[in-house]
Amino acid sequence: MQLSFAQEISRENKKQIKVQEEEIKVNEEMLVSGVKGLTRIKNRLEKDKSKKRISKTEIERKEKIIRSVEARLTDLESKITKQKSELVAFKKSLDIKVEEKEVVEVKEVVAKEETSDLKEQEEKLKLAKEKLAQEIKASEEAYAKQQEELRKKNAELTKLNNKIQAEKKAIQDKKIAENREKIMEYEDDISVNEEILISGREGLKRKKDKLEAAKIDGSLSKESIARRTSVIERIEKRLNKIEREIESKKDAIKKLKGA
């Protein structure tokens, strides 16, 4: 009776370990796909900038996208590290032998992407600071001049009809600006998700092809096939969710443009 109880506990622990390992694999696949997508965004931006076929506003938008992707990848990397630590601790608590080796493949990919642009970022920062100082000075002078002009115009704006028309225009402009800002946010989110989706679909196809090949040559056990199939299904669900988010935001953009 005691042996049967121990076996039941062992099966439950084995199931929990399997679930944790599959979740780690899914997140690692999403991280690698995200890094590839980030590289494509950076390369396209640098190409557009070198050919001077992109405006300052578009550059700022794309740089905002890059920062957003980097933040999401950093969060996901931290989550993976935490999951691995929890898994190791759980195995040790069960007296399961754990190989103490560093798993740095994904970290190295991310670090390489970050450090490759370090010098360029430092140079950009220096130029941006100089430009900002000039812009601040020009802005202060323009502001002082604008204030003087506004004081002069204020004396002329005495008629009630003019005040009403100005208020109506301000309300209309605010609504247009709010819609435009929201559209830009949705477009940025769509751009990020489309890059991740492209890389994710590519990675998913590779995994499916490898699994089918393994099934044919019989190099994997039934348990290994089942585990890999489970990972593939979870990745596919995650990618389908991203695809639905993209379509949802596209619909929202249509509504805002029609408002």
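Helices (H or I, at least four residues) and strands (E, at least two) are taken here as DSSP runs, numbered from the N terminus. The structure is a predicted model, in which local features need pLDDT of at least 70, side-chain atom pairs count only at pLDDT 80 or more, and totals for chains, interfaces and linings use all residues. Residues are numbered from 1 along each chain as its sequence is written, and side-chain values use heavy atoms, with hydrogens and water left out.

The protein contains six helices and zero strands, so that its elements, read from the N terminus, follow the order α-α-α-α-α-α. Of its 259 residues, 25% are buried, a term that denotes under 20% relative accessible area, with exposed meaning over 50% and partly exposed in between (1.4 Å probe, protein chains only). Among contacts (heavy atoms within 4.5 Å) with a separation of 6 or more, 86% are between residues 24 or more positions apart.

Helix α1 covers residues 2-50 and includes V32. This residue, V32, counts as partly exposed because its relative accessibility is 29%. The C-alpha atoms of V32 and E77 are separated by 9.9 Å, although the two residues are 45 residues apart along the chain.

Helix α2 comprises the 38 residues 56-93; its end C-alpha atoms are 56 Å apart, in agreement with the 56 Å that it should span at 1.5 Å a residue. The expected span of a helix is 1.5 Å times one less than its number of residues. Just after α2, D95 adopts a positive phi of about 65°.

Helix α5 has 58 residues and reaches 85 Å from its first C-alpha to its last, close to the expected 86 Å. G218, with a positive phi near 70°, follows α5.

Two packed helices are described by the angle between their axes and the distance between the axes. The axes of α5 (residues 160-217) and α6 (residues 222-258) come within 8 Å and cross at roughly 160°; axes are lines fitted to C-alpha atoms, for helices over the stretch in contact, and angles run from 0 to 180 degrees between N-to-C directions. That angle makes α5 roughly antiparallel to α6, the term for angles over 145 degrees. By class, their contact has 16 nonpolar, five polar and 15 charged residues; Ala, Val, Leu, Ile, Met, Phe, Trp, Tyr, Cys and Pro count as nonpolar, Asp, Glu, Lys and Arg as charged, and the others, Gly among them, as polar.

N193 is found in α5 and is buried, because its relative accessible area is 3%. Leaving aside residues up to four places away in sequence, N193 touches R72, I242, E245, I246 and K249.

Conventions
Parallel < 35°, antiparallel > 145°, perpendicular 65-115°, else oblique.
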